[in-house]
Protein chains: 2
Amino acid sequence: MAAGTKPLRSDAARNRDKLLVAATQLIAEHGLDVPLEHVARRAGVSIGTLYNHFPTREALLGAVMPQRLAALEQVTERALADPDPWDGFVAFLEGLFALQSEDHGLNDALTQGFTLATDVSQACHRGLLDAERIIERAQVAGRLRPDFGTQDLVTLIWAMSQVIRESMNTAPGAWRRCLAFFLDGLRTEAAHPLPER
Amino acid sequence: MAAGTKPLRSDAARNRDKLLVAATQLIAEHGLDVPLEHVARRAGVSIGTLYNHFPTREALLGAVMPQRLAALEQVTERALADPDPWDGFVAFLEGLFALQSEDHGLNDALTQGFTLATDVSQACHRGLLDAERIIERAQVAGRLRPDFGTQDLVTLIWAMSQVIRESMNTAPGAWRRCLAFFLDGLRTEAAHPLPER
DNA sequence: TACGAATCTGAGGGATGCCTCAAGTTGTGT
DNA sequence: ACACAACTTGAGGCATCCCTCAGATTCGTA
């Protein structure tokens, strides 16, 4: 795929950048549903200009979110770099949820994740593949219970996203305690049979 | 408190009932945010009439939700009736979340719960007191880890409410598996130290 | 049956957010 | 300096949901 994108006029390029900055900020503060008019206003640009550059909300998210999701890759790397597979697994989850608790938009994206714009959705799937390696490593080491699958991670993300949302203002960090409870149920030695289906 | 409410005219009483029935149904189907116009329409009544009977959304919720929340009391009773304190604790959680998964409105109410109309909020608090007895009984029996408090139950409800929301259509019952993981972390023997605040 | 009070109705005004497009402005190559 | 394509603007149309109120209707009673 050659770069089919013509070079933007200088003012257009500036406005596009201002929009991306504004969108990144506001999405982090207020989530994926932030009114596009607010984004345009913070960028110091009219709503029409926003629609020139990003014809749909998804287009804007597709331009903003992948960068935020990339932060997750670092967390994954660090987790895999941990010599102890279990500690790495824990570090992954803590890093992941720490990111979510700092960015409303990321929290939303990982919740809706797979119902979203192709760009975002694909990034989520890629992230999940990486996560799978972390999970398997901890299982092979005999530390993580073997019946914990990737879908269970998705479910855990759903769960924690809400804890983060609800406690963000009143008790930030409450999610760490909740995660600790959950982790105690994920150790191999804690495992009891799961309900069938 | 004497009944300060004058008897309604027969048609008014009928309409009030129709509104309550419609609201109960639609709230269960679509959650607490269901448009009031929809409620009026399903009740076969004009929007004005709805506002005659329930001047605010909270008034309507205050009339509808306590009855739904009462279903929870039965769950609590049955849980306390279980001879095994741990089984009772588990039955309580399963009963609670089963109710939530059948009623979008109840799910919302227990999530927002304490940010809500006084009637609903009070019912939530009362429910929480009952739950405390279940928790303590399981702890005294040495089955439930002693560092699990009422606030942790609230957090768990937040978490599961989202799992229920997300999986309701695609994989109803997914919450049971998630709960099983969590429960395995709540057993006394699974307990590891929690992060200090 | 006829009257008055209780009740119902639904058009309509307000708020928010989405998105478009005709007219105006600005960058850029010549 | 000019011309034209590229870009910007923001009013305004659409949709949804909120809530109100003047006028029409209906119930209960005498």
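**Exercise 1. Count the salt bridges over all chains, then examine the pair D108(A) and R165(A).**

Step 1. The whole structure holds 20 salt bridges over all chains. A salt bridge is a side-chain nitrogen of Lys or Arg within 4 Å of a carboxyl oxygen of Asp or Glu.

Step 2. This is a predicted model: local features need pLDDT of at least 70, side-chain atom pairs count only at pLDDT 80 or more, and totals for chains, interfaces and linings use all residues. Residues are numbered from 1 along each chain as its sequence is written, chains are lettered from A and ligands numbered from 1 in the order written, and side-chain values use heavy atoms, without hydrogens and water.

Step 3. D108(A) and R165(A) form a salt bridge, 3.0 Å from N to O. D108(A) sits in helix α6 and R165(A) in helix α8 of chain A, so the pair ties together parts 57 residues apart in sequence. Helices are DSSP runs (H or I, at least four residues), numbered from the N terminus.

Step 4. D108(A) is buried, at 10% relative accessibility. R165(A) is partly exposed, at 25%. Buried means under 20% relative accessible area, exposed over 50%, partly exposed in between (1.4 Å probe, protein chains only).

Conventions: Helices (H or I, at least four residues) and strands (E, at least two) are DSSP runs, numbered from the N terminus.
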